[in-house]
Amino acid sequence: MILTVTLNTAVDLTYRVPALTPHASHRVTQVIERPGGKGLNVARVLAALGHETVATGFAGGATGAVLREQLATTPVRDELVETAGATRRTVAVVDAATGDTTQLNEPGPTVTAAEWTAFRVRFTALLDGATAVALCGSLPPGIHVGAYAELVRLARTAGVPVLLDTSGEPLRRGIAARPDLVKPNADELAQLTGSRDPLRATHEARGRGARTVVSSLGPDGLLAATPEGLWRAAPPTAVKGNPTGAGDSAVAGLLSGLVDGAPWPDRLSRAVALSAATVLSPVAGEFDPTAYEELLPKVTLKQLDDSA
C-alpha cells in the first residue's frame, strides 16, 4: 500500500473560457470539479496505474464533504482527518485561445493542535503496512513549519521509504530530516540552495540530507542525483497543453517505480512519460493513458558524469 499525505487538500475547480481578458466578464464553457491537493493528485494517478493507495491529510466543512464524496468514487481509500475549518478551493481558469492557465489558490483552514495530534496518530498507524509514503504540498495555517520534518522522521523510524514534495522553509527543514527522495522544481531548488544552475543545485540539495534529489525542469524533463549516479530524462518532443498536475504525476511515476523495485532509468521514464501525458490530457490534473503508453518507450535517458 502506498500512503499519500495532503495536509492542505482542496476542491479543484477548472473553468474553461474562450479567452481570458483582464477586467472583463467571461462566459465559462466548461466546469470540472474534483478532489485536489498535490497528494490526492498523486494518489489518483497511482490508483490509475493499479497500485493500492491510501490518502490521508485533512478535510472539513461543506467543501470537505464535497471532496470526500468525490474521493469515494475513486479507488483511493479515504483516511482523511476531520477539521472544524472548511477545506479550501482552488480555481484554474483555462484560456482556450492560448492554452494558458491562471491559478487561484485559497490558503486553507487553520488546523488546531488537537487536530494535528489526531493526524499524527492516524499517520503513525497507517505507516504499518505502507510500502512507501509521499508528503506533498503546502502546509495549511496552524501547522508548524517543521511538520514535514517530523513526519519524515516518523516514516524513517517505521522503516518506510519517504518522498517529500514541498517548497520553502518546510522543504528546507524536511530535507534535513533525511527523506529518501525530494522532488523540487527548478524554482524551489534555487530557493533552497541559492543556485540557478540545475546540476549544482541538485548536488547541493542532496548534500543537505536527501538520499536522492529529482529536480523537475519543466518541459525539459528531470535531473536526478541518485546513489547509483546522475541521470537526465526528457520527453522525446516538447508537448503543449495544460501543465496542471504534471509534477504530481511525475511523483506518482517515481513512487510506482520505487515500490516495483525498478531501476532508476525505468523510474525516471515513468515519471517523465506520466508528466507529459498529464500535460496532454484534456482534463487538468489527469493523465492520458494512451499518450503515456506511447511516450514511455520514447523517453530519452542519459547518464551524466557524476563529477560534473
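Biologist: How many of the 14 residues of helix α8 are buried?

Modeller: In this predicted model, local features need pLDDT of at least 70 and side-chain atom pairs count only at pLDDT 80 or more, while totals for chains, interfaces and linings use all residues. Residues are numbered from 1 along each chain as its sequence is written, and side-chain values use heavy atoms, with hydrogens and water left out. Helix α8 covers residues 246-259, where helices (H or I, at least four residues) and strands (E, at least two) are DSSP runs numbered from the N terminus. Taking buried as under 20% relative accessible area, exposed as over 50% and partly exposed as in between (1.4 Å probe, protein chains only), α8 is mostly covered, and its buried residues number eleven.

Biologist: What distance does α8 reach from its first C-alpha to its last?

Modeller: The expected span of a helix is 1.5 Å times one less than its number of residues. For the 14 residues of α8 the expected value is 20 Å, and the model comes close to it, reaching 20 Å.

Biologist: Why is strand β4 described as largely enclosed by the rest of the structure?

Modeller: In a regular strand the side chains alternate between the two faces of the sheet. In β4 both faces are covered, with T53, A55, G57 and A59 buried on one side and V54, T56, F58 and G60 buried on the other. Strand β4 (residues 53-60) is therefore largely enclosed, the buried residues being eight of the eight.

Biologist: Which strand is joined to β4 by seven bridges?

Modeller: Two strands pair if DSSP finds at least two bridges between them. Strand β1 (residues 2-6) pairs with β4 in the parallel sense over five bridges, with T6 opposite G57. The seven bridges, also between strands that run parallel, join β4 to β5.

Biologist: Is T14 buried or exposed?

Modeller: T14 is found in strand β2 (residues 10-17), and its C-alpha is separated by 5.6 Å from that of V31, 17 residues apart along the chain. With a relative accessible area of 11%, T14 is buried.
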